[in-house]
Amino acid sequence: MSPDSTTPTFEEIDYETLLERVDYDFGFSRRSFVQALGAGILVTIVAPSLHAQERGGGNRRGGGGFRGNQKPVPIDARLHIANGGTITVMTGKVECGQGARAEITQAAAEELGISVDRVQLLMADTDLCPDDGITAGSRTTPGTIPPVRQACAAARAMLVKVVGDTQPLDYSQLAKSGSLKQTPENATLAPPSDWKVLGTPVKRPNRRDVVTGALQYPSDIIRPGMLYGKVLRPIAYGATLEDIDVGPAKAMDGVIVVRDGNFVGIVAPTSYQAKQAIAALEKTAQWHAPPGPSSTTLFAYLRDHAKGGIPKDPFEGTGEKQFKANYNTAYIQHAPLEPRAAVAEWNGEKLTVWHGTQNPFGVKRELAGAFHINNDNVRVIAPDFGGGFGGKHTAECAIEAARLAKSAGKAVSLRWTREEEFTWAYFRPAAAIDIQASLDPTGKIASWHHVNINSGRSSIESPYRIEQSKADYVDSDPPLRHGSYRALAATANSFAREVAMDELAVLAGKDPLEFRLSHLAPEDRLHAALEEATKKFGWKDRIAKKEPNVGVGLAASTDKGSFVAACAEVEIDPAKNTYRVRRVVQAFDAGAITNPENLKSQNQGGIVMALGGALREAMRFDNGEIQNASFWKYAPPRFADLPEIEVHLIDRKDIPSAGAGETPLICTAPAIANAIFNATGKRLREMPLRLSELA
Amino acid sequence: MDAQLTINGKPTNISSDAKRPLLDVLREDLHLTGTKYGCGESACGACTVLVDGSPMFSCQTKLAEVDGKSITTIEGIAHGDQLHPVQQAFCDQAAYQCGYCTPGMILSTIALLEKTPNPTRDDIIKGMNPHLCRCCTYPRIVAAVEQAAKSAKAVSP
């Protein structure tokens, strides 16, 4: 018996055998499912498109990108029940550590009325899975869980119709009753109060493979005859190749050089040889690099280049006391521990790519576009991969691998190096934020104006009850390639707002907690989160207790339907002019909790990831050259940075579950900044939070 | 060069460039892909293997340096279906999110507990600090190391 008794016992799907046997028909093909999953029944569901955001005009900055067109998607097979009773649920979502595999599995098990170990989840294979859209924006829980539950509830209703409501439920009976069932989206779902599987701490179903090294990440995929690729990178952003001698690389044993315009790459029998060949190319390449702005003048540059100028405060002159401040957040990198990796294999006009992407269907379209081939001829498979954080939405690595494989005539594995990932992946946009506000004679906020330049609208609207409040977003002229990031603009906007709220509390002569609560109603979810976090932290005692070189701070915010409040305690080292975060207590409300253990883990990890951006993460660049493209120089959070962390979850069974992969990050930095002020009287308005230039 | 290694208890001959990283040999020649590339500069620990019982960064270790040595990778620590107590602890504590750092973390934990069977929290922080987890699952990894230390105590005489 397996020592880990909840490990699934059904046969694993073998992608390699699948590849040879599956047709590349548009949408789903009945035959391909039979070949992949065995004879049985397919359950399909007609649902409104849940992935409009990637077609809605590229609103990468969130806060409105998910409305788009809501036309129904074609029939998508969601559930396959093999004649033997093995149940496979299909989703276009990916697993990159956020816990979707466990959560979708338990959602299916809940509605099917079976245990999680009887559900096999097939994720992110564009030939077999429905297009659930990009895995981003905390959308899996509100966007994908419902259609999965619908299909599974419908299957259960069908089974009951065939055999009656007998226990245990034997789905092989349903498989024998026909071959394809199409169901409208109207099955009755289990309410949270009746949940038996949802709401419980189900662990990642393939965790055994995680701890034994058996889990094959995209960089681990090996194909017959596979070669290793590398791409020649420019010396700086926007640099153009003026001259190169490919002769020396070409002369190397087993090396194929591919040159296609500005793209130069090589293919070799081993990574080691590939590295040597690229080094040979680098020696002969001549580049022209245009000048560009530096990170040292970044925020002035972003403000100066605000498109249409920076909007004026429409409430100028309101109130008794006036307040105005500027806040900044740096460019940072996702730096997933597995850099971009893709394995591409051509079979005539047909292309298969294994790739760690949050956007398998988007990558499929990009590949079809790049090679001018029919969408039907591209298959993208996203195996569970090593971290995304909003950084793996684009197809560059997949296209490069496919370009190399086309010339090589063999499968090619392309794995970006850490330096490439730091330099050529896109960044979280930097933000310059201006806040102008006023207080009335009673010390309450009379007016509030928040302007975000360059990073986006997420969480830009103040959650506080303020009579006159306005928020504006303006584009700038970004000096680096930027894109999505976990809690992107919500981090910047919450940082600025929550530090400003602290500054206003001081201006009003009020306790930071009382000041915030006075701008919320008792029934507000943010009110409850603040009360929970501060109670568990012991705010009232801690703020009253004066301890030298120790400070406490708090912050609260909301984004994407979830609510968060955090208290932080910092200790200052006055000799070194540095600080250390000793303790963080966070309260979190994402509606009905679907998986308490995963939600807790997302909060713990989110707090520490955000600690990186609060303490020191920032890209340094000049003239298009990234100056800290390494882990040593960039310095993500380590064990040594770990504060004592407490997470308190608020379970609102009466409210639909929201996604929670992002919002846990957004209070960390402002709570720390406010704690530093409490300890030192020094107001830090820029992330990362530095007490001195060198700290 | 012709190198003679013992990999997960199995004598293995490798004919390859002496300067080739051990990481590449494990992954590309032997298809032991549980050992990961993370940075190539000894900054993350994803490529950690045990060489004669001590943790080493395989991305910075050349084939010639391990000739005649015994190497343990993540694939070599379970006994059949029976997970190693450290693997079991990582499972029990859900001490992973994406799991890409997990093999390196597990091997360093084994080495840490070998040297320090009763680690304090500070011992764990210090011992594990060479490793990065970008999902920042650190609190859970600390808990897994603590559980593994306890379970090792429970089975030893």
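1. The structure is a predicted model, in which local features need pLDDT of at least 70, side-chain atom pairs count only at pLDDT 80 or more, and totals for chains, interfaces and linings use all residues. Residues are numbered from 1 along each chain as its sequence is written, chains are lettered from A and ligands numbered from 1 in the order in which they are written, and side-chain values use heavy atoms, with hydrogens and water left out.

2. Is B:Thr33 buried or exposed? Its relative accessible area is 6%, so B:Thr33 is buried (under 20% relative accessible area is buried, over 50% exposed, in between partly exposed; 1.4 Å probe, protein chains only). Leaving out residues up to four places away in sequence, B:Thr33 touches A:Gln216, A:Asp220, A:Ile222, B:Arg27 and B:Glu75; contact means heavy atoms within 4.5 Å.

3. In chain A, helix α3 (residues 100–112) packs against helix α4 (residues 140–163) at an angle of about 30 degrees, and their axes are 7 Å apart. Axes are lines fitted to C-alpha atoms, for helices over the stretch in contact, and angles run from 0 to 180 degrees between N-to-C directions. α3(A) and α4(A) are therefore roughly parallel to each other (angles under 35 degrees; over 145 is roughly antiparallel, 65 to 115 roughly perpendicular, the rest oblique).

4. The contact of α3(A) with α4(A) involves 10 nonpolar, three polar and five charged residues. Here Ala, Val, Leu, Ile, Met, Phe, Trp, Tyr, Cys and Pro count as nonpolar, Asp, Glu, Lys and Arg as charged, and the others, Gly among them, as polar. Residues of α3(A) in this contact include A:Ile104 and A:Glu111, and those of α4(A) include A:Val148 and A:Arg156.

5. A second pair in chain A is helix α10 (residues 360–371) and helix α11 (residues 396–408), whose axes come within 10 Å and cross at roughly 45 degrees. That makes α10(A) oblique to α11(A). Their contact divides into seven nonpolar, no polar and three charged residues. Among them are A:Leu367 and A:Phe371 in α10(A), and A:Ile399 and A:Lys406 in α11(A).

6. Helix α19 (residues 668–680) of chain A has 13 residues, which at 1.5 Å a residue should span 18 Å, and its end C-alpha atoms are 18 Å apart, which agrees. The expected span is 1.5 Å times one less than the number of residues. Buried residues in α19(A) include A:Pro670, A:Ile672 and A:Asn674. A:Gly681 follows α19(A) and has a positive phi, near 75 degrees.

Conventions:
Helices (H or I, at least four residues) and strands (E, at least two) are DSSP runs, numbered from the N terminus.
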